[in-house]
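Hi everyone, thanks for coming. I'd like to walk you through one model today, so let me put it up on the screen.

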Amino acid sequence: MKLIFLGPPGAGKGTLAARAVTMLKTPHISTGAIFRAAKAAGTPLGLKVQAIMDAGKLVDDSTTIELVKERLAQADVEQGYILDGFPRTIPQAEALAEFSTVDRVVNFDIPDSAVLERLGGRRVCQKCGHNFHAIFDAPKTEGVCDHCGGEVSIRDDDRPEAIQKRLEVYRAQTAPLIGFYRRKGLLLDVDARPAVEQVIENFKKALGQR
Ligand code: AP5
């Protein structure tokens with residue numbers, strides 16, 4: 001199944017995607033994670049996107065579209081994928097329609113207050129990228145990843161000014177995709193407010209898997 005995860009920053013897209021990979025046996029493609037890896041490795045792409053990401057702005061459409069187009073041309077995603085964080089603008093959605101046919105778009109329905117609480121407490125493993133939360137899902141040893149022993153810290157774009165900017169950008173450029181995909185009959189609304197296990201149940205129900 002070819003799925004898009006759509007929702008505001010901090011809605012829980014990456015957290016659910018990490019679980020859905022096993023459930024649906026399909027690869028997870030996060031444009032944010034690809035950009036963060038490029039940034040950490042200091043590649044030309046990483047150097048190009050570093051300041052944009054840290055300010056909470058969007059990377060330009062042509063760079064992002066090219067990246068996803070190349071990724072979706074690989075054999076492992078022929079049968080399905082979870083696209084997390086792409087598309088994020090109408091031009092990205094229109095470009096995607098030219099090189100892939102999406103089955104469903106999962107809309108993470110969540111108020112700003114919950115988003116702020118989630119982003120404010122998010123902690124991320126710098127080695128394997130696993131998401132933790134200081135209150136809801138803390139690592140067993142503070143600052144150390146339960147899965148790989150890597151360093152767990154705050155993401156560069158989770159500073160308050162960057163969070164505000166990301167929410168503004170979401171409202172202006174990404175939220176219009178909800179109507180775009182609803183009109184195409186592809187949208188599935190998922191209540192993303194409850195705890196992770198319940199969000200997984202809501203997701204399965206929306207997909208008709210229980
Ligand atoms: P990206 O990495 O895509 O960031 P985002 O969309 O802002 O989403 P987040 O990763 O912040 O949140 P999430 O919804 O995955 O939440 P998470 O599961 O972590 O993009 C980063 C940047 O890259 C962008 O700002 C932009 O610069 C660039 N970029 C990426 N894609 C682009 C594109 N297409 N075009 C242009 N630029 C692009 O959860 C958050 C926290 O909440 C965690 O701590 C987690 O443990 C906790 N949590 C999750 N679910 C629950 C729950 N149910 N209950 C309690 N806590 C929960």
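Let me start with a question: how are helix 6 and helix 7 oriented to each other? Before I answer, please keep in mind that this is a predicted model. Two packed helices are described by the angle between their axes and the distance between the axes. Here, helix 7 covers residues 160–174, and its axis comes within 11 Å of the axis of helix 6. The two axes cross at roughly 140°. Angles over 145 degrees would count as roughly antiparallel, and 65 to 115 as roughly perpendicular. Helix 6 and helix 7 are therefore oblique to each other. As for the hand, their crossing is right-handed.

Now, on to the ligand. There are 35 residues around it, and the ones that come nearest are Thr 15, Lys 57, Arg 122, Phe 132 and Arg 166. A polar backbone atom of Lys 57 sits 2.6 Å from an oxygen atom of the ligand. For Arg 122, an N or O atom of the side chain is 2.6 Å from a ligand oxygen. Then there is Val 196, where a backbone N or O atom lies 3.3 Å from a nitrogen atom of the ligand. Taken alone, the ligand exposes 1,000 Å², and the protein buries 96% of that.

Which elements give two or more residues to this shell? They are helix 1 (13–24), helix 2 (31–41), helix 6 (112–121), strand 6 (131–133) and helix 9 (196–207). Helix 2 provides the largest share, with 4 residues. Sorted by class, the shell has 15 nonpolar, 11 polar and 9 charged residues.

Finally, two backbone details for you. Most residues other than glycine have a negative phi, and most peptide bonds are trans. Lys 25, in the loop between helix 1 and strand 2 (28–30), has a positive phi, near 50°. The peptide bond from Phe 86 to Pro 87 is cis, with omega near -5°. You'll find Pro 87 in the loop between strand 3 (81–84) and helix 5 (90–99).

Thanks, everyone!

Notes:
Residues numbered from 1 in each chain as written. Predicted model: local features only at pLDDT ≥ 70, side-chain atom pairs only at ≥ 80, totals over all residues. Heavy atoms only, no water. Near = heavy atom within 4 Å. Polar contact = N/O pair within 3.5 Å; in protein donor to acceptor, adjacent residues only side chain to side chain. Areas by Shrake-Rupley, 256 points an atom, 1.4 Å probe, with all protein chains shown as cover. Nonpolar A, V, L, I, M, F, W, Y, C, P; charged D, E, K, R; others polar. Axes fitted to C-alpha atoms, helices over the stretch in contact; angles between N-to-C directions. Parallel < 35°, antiparallel > 145°, perpendicular 65-115°, else oblique. Left-handed = near helix turned anticlockwise from the far one by under 90°.
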